[in-house]
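Dear colleague,

Here is the structure you will be working with, sequence included. My notes on it follow below.

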Amino acid sequence: DMDDEGMPVQKTLLIENGVLRNFICDRMGNLLTGHPRTGSGRRQNYTFAPASRMRNTYIAPGKYTTEEMFSSIDKGIYCKSLGGGSVNGTGDFNFGVEEAWLIENGKVTKPVKGTTLIGQATDIMHKISMSGNDLDISAGFCGSISGSIYVTVGQPHIKVDSITVGGR
């Protein structure tokens, strides 16, 4: 019901149809930027100062089936399961991929090992061309300056038209 600063939590729509609508914001963020507080002041425990953090964060489902997305791809990678990663304050990110498959001519074909996704969040947001109708939500962790906290995360399958892929 409350964030770690005693603020009631609320639904905060961050991005809608590719347009940034809101920010997550704690008390300090409100003082520094003037953005309204959103019940996003989170911390691991009393030994950490609160910071603006995600809570229950997901990408809303779209209208496409997974099969429609796969069939639109001539050559690409299906990242079935992501592992650990990081995002810095400017949006630069890297995420390890635990399970990946090659897509050729609209079909999932062979496993791919040792894959990492690398990019800049604001750049990649513009490259999402399809969102699936299969939203899946699960428990996760978010680690930051205010400690590690439990979060709920989720997304449907999404199609990203191009991204830097590192690894073997």
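The side chain of S131 comes to 3.4 Å from the backbone nitrogen of G62. The S131 side chain also reaches the backbone oxygen of A60, at 3.4 Å. S131 lies in strand β10, which covers residues 128–131. With a relative accessibility of 16%, S131 counts as buried, because the cut-off for that class is under 20%. Please keep in mind that this is a predicted model.

Next, a sheet. Three strands form an open sheet in the order β5-β12-β11, and the pairing is mixed. The edges are held by β5 (56–58) and β11 (136–144); each has a single partner strand, so one side of each has no neighbour in the sheet. On average, neighbouring strands here are turned by 35° against each other, direction ignored. Strand β12 spans residues 147–155 and pairs with β5 in the parallel sense, over three bridges. Within β12, G154 is the residue that stands opposite Y58.

Last, the surface. Which residues make the nonpolar surface patch? They are I15, L20, F23 and M125, and the patch amounts to about 370 Å². M125 belongs to helix α3, residues 121–125. Its relative accessible area is 42%, so M125 is classed as partly exposed, since that class lies between the 20% limit for buried and the 50% limit for exposed.

Regards

Key: Residues numbered from 1 in each chain as written. Predicted model: local features only at pLDDT ≥ 70, side-chain atom pairs only at ≥ 80, totals over all residues. Heavy atoms only, no water. Patch = residues over 30% accessible without salt bridge, like charges linked within 9 Å, V, L, I, M, F, W, Y side chains within 5 Å. Areas by Shrake-Rupley, 256 points an atom, 1.4 Å probe, with all protein chains shown as cover. Salt bridge = Lys/Arg side-chain N within 4 Å of Asp/Glu carboxyl O. Helix = DSSP H or I, 4+ residues; strand = E, 2+ residues; numbered from the N terminus. Buried < 20%, exposed > 50% of the residue type's maximum accessible area, 1.4 Å probe, protein only. Pairing = 2+ DSSP bridges. Axes fitted to C-alpha atoms, helices over the stretch in contact; angles between N-to-C directions. Polar contact = N/O pair within 3.5 Å; in protein donor to acceptor, adjacent residues only side chain to side chain.
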